Amino acid sequence: MPIWDKWEKYSTLIKNKELEKHLPETTRFSTEKELWDFVYRYPSVILKPIDGSRGRKIFKVSEVESDKFEIHYLNSREVFIGRNYAYSYFKNKKAPRRTYLAQRYISLANIQGCPFDIRVIVQKQKNSNNWIVTGKAAKLAGQGFFVTNNNNQLRSGSILPVAEAIKASNIHKVDDNGEKLVSELERIALLATKTLEPIYQGHPIYGFDMGIDSDGHIWIIEANLNPGLSYFLKLADKTMYYTIKKMRKR
Ligand SMILES: Nc1ncnc2c1ncn2[C@@H]1O[C@H](COP(=O)(O)OP(=O)(O)OP(=O)(O)O)[C@@H](O)[C@H]1O
Ligand SMILES: [Mg+2]
């Protein structure tokens with residue numbers, strides 16, 4: 001297993017006491033029983049491949065009534081009576097032979113029912129120990145999807161400026177155009193970067209997927225070491241895209 005898998009990054013981040021409250025509980029599971037034990041503890045859980053999948057092969061499982069499970073996959077939701085049926089559905093659809101993580105589902109803020117999260121890019125300045133946030137963009141899920149990834153394989157989702165997304169969202173108590181929320185997002189992304197830095201020495205760029213729930217609490221969903229930049233090309237204003245690229249070249 002490569003050391004940049006999601007479990008490795010989560011285990012590193014969770015050691016930081018301040019980040020702990022920003023990380024959804026996550027576990028690795030290898031048996032069906034371990035999976036159900038985890039599902040039992042939360043209203044909904046996400047199952048995702050440990051090594052990343054660009055939004056594909058990710059499932060949301062909820063026990064909607066006793067022994068009745070809903071599995072949300074892509075833009076479809078199916079209900080199963082009994083764990084056996086639910087588990088076979090997952091097993092048949094999951095990425096073959098790949099290890100999965102189970103993570104507590106965070107009820108992300110939404111715009112007209114479509115959830116969104118924020119991609120935050122952090123880069124190291126040349127010849128210094130300074131890290132700076134060079135880009136952020138809101139990824140809005142497509143109609144009926146819970147994953148916010150926006151790519152050709154999924155054919156869903158859209159990208160918008162962070163301030164615009166916060167303003168249009170169901171997050172309560174935003175009375176300053178979301179400025180406080182955005183500076184908190186940046187602070188947490190920088191703290192996460194500094195926590196990962198000793199493990200990935202010399203690595204110059206991180207891309208975080210950060211969620212905000214309707215109470216305005218910030219969650220780190222994942223840390224990418226090789227973040228794609230295409231999200232930033234989808235914004236009308238391409239300034240961030242060029243800033244990130246220029247810095248990456250150096
Ligand atoms: N715990 C969670 N709660 C709510 N939504 C989640 C959670 N985990 C994942 N998601 C949704 O699914 C999307 C994809 O998950 P994640 O970013 O962890 O994997 P990925 O993008 O497939 O991985 P990679 O970028 O490494 O290919 C997230 O951007 C988010 O929209
Ligand atoms: Mg991601």
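Predicted model: local features only at pLDDT ≥ 70, side-chain atom pairs only at ≥ 80, totals over all residues.
Domain bounds, as I use them here, come from an automatic or database domain assignment, and on that basis the protein is divided into domain 1 (25–104) and domain 2 (110–249). The centres of the two domains, taken over C-alpha atoms, are 25 Å apart. Where they touch, eight residues from domain 1 and eight residues from domain 2 make up the contact, two residues being in contact if their C-beta atoms, placed from the backbone, lie within 7 Å. The side of domain 1 that touches domain 2 has two nonpolar, three polar and three charged residues; here Ala, Val, Leu, Ile, Met, Phe, Trp, Tyr, Cys and Pro count as nonpolar, Asp, Glu, Lys and Arg as charged, and the others, Gly among them, as polar.

Residues are numbered from 1 along each chain as its sequence is written, and chains are lettered from A and ligands numbered from 1 in the order in which they are written.

Now the overall fold. The protein has seven helices and twelve strands, these being DSSP runs numbered from the N terminus, with helices as H or I of at least four residues and strands as E of at least two. The C-alpha atoms fill a box of roughly 55 × 40 × 35 Å along the principal axes. Among contacts between residues at least 6 apart in sequence, 57% join residues at least 24 apart.

Next, the loop between helix 4 (162–168) and helix 5 (179–196), which holds Ile171. Ile171 counts as partly exposed because it has 19 C-beta neighbours inside 10 Å; the cut-offs are 20 or more other C-beta atoms within 10 Å for buried, 12 or fewer for exposed, and partly exposed in between, with C-beta atoms placed from the backbone. Leaving aside neighbours within four places in sequence, Ile171 is in contact with Ala109, Ile166, Ile212, Ser214 and Gly216. Ile171 and Lys194 are 23 residues apart in sequence and 28 Å apart in space, C-alpha to C-alpha.

Asn177 is also placed in the loop between helix 4 and helix 5, and its phi is near 60°, a positive value in a residue other than glycine. Asn177 is exposed, with 11 other C-beta atoms within 10 Å. As background, most residues other than glycine have a negative phi. Gln112, in the loop between strand 7 (110–111) and strand 8 (114–124), has a positive phi near 45°, and Gln112 is exposed, with 9 other C-beta atoms within 10 Å.
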